[in-house]
Structures are given as C-alpha cells and as structure tokens.
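Me: I would like to learn how to read the surroundings of single residues in a structure. May we work through some cases together?

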Amino acid sequence: MNILERLKGEILVGDGASGTLLYSFGIDTCYEELNLTNPERIIGLHKEYIEAGADLIQTNTFGANYHKLKRYGLEDETARINREGVRLAKEAADGRVYVFGTIGGLRSVRKTELGLNEIGGYFKEQLDALLQEEPDGLILETYYDLEELLSVLAIARKETDLPIIANISLHEVGLLQNGMQVKDAFDLIKENGADIIGLNCRMGPYHMIRSFEEVPLSGGMFYSAYPNASLPDFDEGRYVYSTNADYFVNAAKQLIEQGVRLIGGCCGTTPAHIRAIKKGILGLVPLTEKKEVISRKSHVYTYDFKHPEKQTILSKVKKDSTILVELDPPKTLGVEEFMKGSKYLHEMGTDAITLADNSLASPRISNVAIASLLKDEHKQNPLVHLTCRDHNLIGLQSHLMGMHTLGLNEVLVITGDPSKIGDFPGATSVYDLSSIDLISLIKQFNAGISYSGKPLGGQTNFEVAAAFNPNVKYLDKAVVRMEKKIQAGADYFLTQPVFSVDKIHEIYKATKHIKEPIFIGIMPLTSYRNASFLHNEVPGITLPDQVLRVMENAGTDAEACMRESLAISKELLDAAAEYFNGHYIITPFMKYELSGELVSYASKKKSVINGEVFER
C-alpha cells in the first residue's frame, strides 16, 4: 500500500541515524563511499533498523552529492554511489518496508557559499541517480535554509510523482533562522509539493515537541519528526549523545499528541531508539483534532539611545564631503598617545575615526573598547571594523549586541587578513561567515532577529559599511561582488588604498551606476621601504611604478619622503573629490600628524563643494 494511504489511519516509524552507528563501529570517513567499498556493512545497518521496527528506511546517500563528495575525490562516483545506495536499501528491505532516497541540505551558516543555481545542479544530478533505481519515495532532510528547500523541492516535484518527505531543521523552538514560524513554513512547503512535512536534526525530543505545539492540524497534511538523541557532548575529541533510548518511548507518545504520524531518529539515535519509538506508538492512532495550539510571542522592548550627534556617516556623505581617518588601536597597553592623536584629528576636521579589528592579523586593544572611549571623548560614533576572521557565529552575535548596548551603531564589515600573515601564524582563522553573510546578519539584527531566528527583544540600528578592493586585475568582477554586498544590505563602501589618479577615474567609470556612497582610501607613504613593503607584501595593495620611483628617489631623507608623500596624497584627494564625497585617510604607524595635514587639506576644499550633491 502507498505510504500516504497508510498514514491516513496509521502511525509509522522511520529509521535512525546511519552516521552515528557507523561512527560507533570505528568508521570515520565518507560514509556514502561505503555503498561501493563495504556494501555488506550498509545492508547490515539497514537490517538492524528494520528488525528494530522501522516501517521506512532511508538510503545511505545523505551527502552523496558532487559538492560534498569532491572533498574525498569521489565526485565522479556521484551517480554510482546514489544508485548503489537505493539498491542496497532495497536488498535489505526485501519488500517488507518502504525505501526512501535521501538528499541532504547543502547550505551551512555561510549561505553565500553556494548559490541556488549551483545547488540545483548538484541536487538534480543526485535526484536523477536515485530515481533510476525506483525508490518508494524521497526524503529531503536537514534543510536549515527554507529558500534552499523550496528550490530543490520544486525540482523534485517536477521530476517525480513519488511521495516526498521534506524536513526542515531549526536552531530555536518554533522558529526558522529567518524568524519565520514553523507553521507558516509548513504551509509554504505544502504549497510547493511536499506530501509529508516535518522537522529533523539539531533538536532532541523535548524541543521538537515544543515546536510542534505551535503547529495546528491542517487537512491533508502529514507531519514527520526525526529528533536527535539529545544535545551532543564533546568527550575526548568525539561528539557523543545520550544513550537513554527508553526516553523515546514517552517522547513518541507526546509527538503523536501533537499530530505527528511518522517518527524516526536523527543524530545519535540507534536501533535501540527505534525500538523505543515502536513501543511508544503501540496501540495509538493518528490525532485528527488538536485541542490546543500554543502561540509563543516574545515581548519586544524599545530602547532609544540618546546620541549627542544624530548625523550619521551615511547621512552626511550623501550630501557633503566627509572625511574618515583610520587610526589603529594600540598594540600594547596604554591609550594616552592614541587618544591624543584622535583629538588632534578631530580638531583638524575629521568627521569620524575608523578603527581596524586587529589589522594584518596582529592583536591590538579591542576596537570596541577604544570606540567606547572615543564616543565618550568626542561625542561622535566611530566606525568600528568587524572581521569574519576573529569571531565565530556565536562571537559575532555577542559582539554586535555589545556594540548596540554601548550605542555604537557604525560598523565596517570585512573578511579579515588570514591569521598566518600576522604575529601568530599558528592561530586559527574562523570565517564562519563571509563578509556578505555578516552584512546580511547585521541587517537581520536591525529587524530584531538573531541568526537562529529568535527575536532579540528589540532592534539594532546599525549602518553597515563594506570593503571594496579596486586593486585587482578585473575590476568588473570586484564590482559584481560589491553589488552582492549591496543586495545583502551594505549602505556604503570604503576602498583599499588607491595610489593612482588613473585608478580613481577607473573606479568612477566602473561604479557610476552604484547609488551607495564610496569612500576612496588614501594612505600616505612614509618611505620607499614602506612603499615597497605595501606593494610587494600586503594583500590588496598595489602601487604604480611612478609612485615607487618617486619614493625611491626621496631616499632616506625624512623631509623629502614627507614632502613627496603629501604631494602624492593631495593629488589623489583632488582626483577623488571630482567624483566622490567620501575621503578615507589611512594613518600609517600612528603618524597622525601626517593624516592630520591631509584632513586639513581636504577640509579646506569643502568650501568649494559644500552643499553640492554629486550625481554619481
């Protein structure tokens, strides 16, 4: 009988985790490859779950797509691994239970790592291979990103009429990571062609039951639940899960009370858990009416920081010439000289100080701590850099909440130089998110939603600057990336240092369709050695031959070097002012007097362009 017909009057049991069981056997490799190299082990695994009481088993193909198999050099075996996965499961089932072809989600916390077109190609290749072996249905599972699930579901529904189970994964009870409620996501998944809709992974039974408490029963909609065994623990280098399988007896009963009709297990579950589920559903029938649907609404408070200076960098640069100066926080304890320099720069006409986040992967005093001091000192918000390198997803969110709490709402998002170029090359570069992902996350914070989808209890008010590197061989590709950052929510841009008037003209021509303001980076040079180092060793910086020759001719004469450096920088400021309102002066080696002279020069030119809005 078709599984959908059976679910009208029965509660069915799925299988449990395959990776957990294989891991317990001492296998720590590409599990899907075992379809080819150790088929007996896979058949044996399926049989264990069937003997435990599973009515439906999944093929060992969760990660059997080109993208994941490529890590193991197995991308050319994608089709064969998937076909064998179905064949082995059908051999184990021997007609006794349903066999569903499994396809897992691809998007991780870095959503920009894979576009939907690329995902669709990988999905279609895997789907076609599975369908060749005629499974009883498909199960799409562990999709944290609803956009991805809906996209691949549309592909699957176009290719087959087989029953499709679509399981999403949650970070928070009852909420997707975009803040959407589970019940609303279920409606969309149903509309896009899924026959059985549910939750799997990430959560144990307790939180999964709570999530289903918010889901009403809808006519013709079947629900599935594949909870983890528990929250994972990390013991001696291995992730382990609670082995209290008996807990699943009562958990299965509670899931049925929430309208679930297909119950299996995900990470950490074993045949013992499936036996417990089978015991828990004994004698029970599907729920047809739900007595109570819980609606959890978070209280949202508003907290308006009283900023002494209401004008932001963005609002100012849109209508007038605006000067930012980068002054790196100190590498050692003590901030007296730094504070003296920042005061001087403000007196010379700087609109805002911008603070790097451990530039060149070298540790410095926290730029948030320095920013807080500057805010109190100058009654203006500095622009705080935030790198993807130094903070994992947890730390980034904590960092942003801390900045908001301190009233710091100007942030520049950058990827960050890799740790290996800095003072501690053995340190780890995190990069949980790309800069585009982080921009999107900050805008989600502005909507009052954390990464996991949980309400923050209020809304942040960040304005987000992004980096733009024009010192590349193909400027058009850099502009495309710039446009992606705009789509993610970037409000304005700061460029890497530019050392050529021709390059400034080139930037204007390539970006004149961009409405978002651009600050042109100007870094005064201190010597030929400094110029040579920047040109040859610092990523993203290129100096023209003419500039290198000029600085080389200045030799070791400090006054001559200063004179030539200022002449070069002023020429660049003049060229930038023809097209751009934004000036971004980067202070070298805490030589704030050098930057101050350039600020003064740029400030005096304000009288020429003050009040004029440049059409870009």
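Me: Is Phe533 buried, partly exposed or exposed?

Reply: This is a predicted model. Residues count as buried under 20% relative accessible area and as exposed over 50%, with partly exposed in between. Phe533 has a relative accessible area of 35%, so Phe533 is partly exposed. This residue lies in helix H20, which covers residues 528-537.

Me: Which residues form a nonpolar patch on the surface with Phe533?

Reply: Leu360 and Ile421 form the patch with Phe533, and together the three have about 220 Å² of accessible area.

Me: Is Leu572 buried or exposed?

Reply: The cut-off for buried is under 20%. Leu572 has a relative accessible area of 3%, and therefore Leu572 is buried. Leu572 belongs to helix H22, residues 558-577.

Me: Which residues does Leu572 touch, leaving aside those up to four places away in sequence?

Reply: Leu572 touches Val498, Phe499, Ser500, Val501, Ile504 and Ile522.

Me: What does the side chain of Lys290 reach instead?

Reply: The side chain of Lys290 reaches the backbone oxygen of Phe212 at 2.6 Å. A polar contact of 3.1 Å also joins the side chains of Lys290 and Gln258.

Note on methods:
Residues numbered from 1 in each chain as written. Predicted model: local features only at pLDDT ≥ 70, side-chain atom pairs only at ≥ 80, totals over all residues. Heavy atoms only, no water. Polar contact = N/O pair within 3.5 Å; in protein donor to acceptor, adjacent residues only side chain to side chain. Patch = residues over 30% accessible without salt bridge, like charges linked within 9 Å, V, L, I, M, F, W, Y side chains within 5 Å. Areas by Shrake-Rupley, 256 points an atom, 1.4 Å probe, with all protein chains shown as cover. Salt bridge = Lys/Arg side-chain N within 4 Å of Asp/Glu carboxyl O. Helix = DSSP H or I, 4+ residues; strand = E, 2+ residues; numbered from the N terminus. Buried < 20%, exposed > 50% of the residue type's maximum accessible area, 1.4 Å probe, protein only. Contact = heavy atoms within 4.5 Å.
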